[in-house]
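This briefing concerns the structure shown below.

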Amino acid sequence: MTHAGAVACARHPFRLHVQRDNARWILELRSARGSAPHRGRGTGTRYIEASLAAASPTGWSFVQGVDGDHWCGRIELTCAS
C-alpha cells in the first residue's frame with residue numbers, strides 16, 4: 001500500500017488485525033499517515049461506507065483518524081450467523 005506515498009509507507013508499513021468478538025468481526029488497519037487535506041472524507045472513505053451500508057445497512061461501524069505517524073481505521077461488523 002502506498003496511499004500515503006512510497007517513502008512514508010516504507011517507514012510505516014501497514015498492519016491489518018482481524019478478530020472475532022462474540023457476534024462481531026473487528027478489522028483494524030494501521031498505515032502511514034498521508035498529507036491529503038480532506039482527512040478521512042475522500043473517495044476511499046465514501047466507498048468503504050457505501051460498501052458496508054450495501055452489505056449490512058445497520059450492522060457496522062467505521063471510524064478512522066490520526067495516531068502519531070499512522071492513519072488508523074477500525075471497522076466493526078455484525079456476524080451474519
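In the protein chain, where is confidence lowest, and where is it highest? In this predicted model, the lowest mean, 70, belongs to helix α1 (residues 6–11), and the highest, 93, to strand β1 (residues 15–21).

**Confidence**
- The protein chain has a mean pLDDT of 84, and 84% of its residues reach 70 or more.
- Where pLDDT is low, the predicted coordinates should not be read in detail.

**Sheet and helix packing**
- Four strands form an open sheet in the order β1-β2-β4-β3, and their pairing is antiparallel.
- Strands β1 and β3 (60–67) lie at the edges, each pairing on one side only.
- On average, neighbouring strands of this sheet are turned by 10° against each other, direction ignored.
- Helix α2 (residues 43–55) packs on the sheet and touches β3 and β4; the direction of helix α2 makes about 160° with that of β3.
- Between strand β2 (residues 24–32) and β4, the antiparallel pairing extends over 9 bridges.

**The setting of His70**
- His70 is located in strand β4 (residues 70–78), and Ala32 stands opposite His70.
- His70 counts as buried because its relative accessibility is 14%, and the cut-off for buried is under 20%.
- Apart from neighbours within four places in sequence, the residues in contact with His70 are His12, Arg15, Arg30, Ser31, Arg33 and Gly65.

Terms used
Residues numbered from 1 in each chain as written. Predicted model: local features only at pLDDT ≥ 70, side-chain atom pairs only at ≥ 80, totals over all residues. Heavy atoms only, no water. Helix = DSSP H or I, 4+ residues; strand = E, 2+ residues; numbered from the N terminus. Buried < 20%, exposed > 50% of the residue type's maximum accessible area, 1.4 Å probe, protein only. Contact = heavy atoms within 4.5 Å. pLDDT = per-residue confidence, 0-100. Pairing = 2+ DSSP bridges. Axes fitted to C-alpha atoms, helices over the stretch in contact; angles between N-to-C directions.
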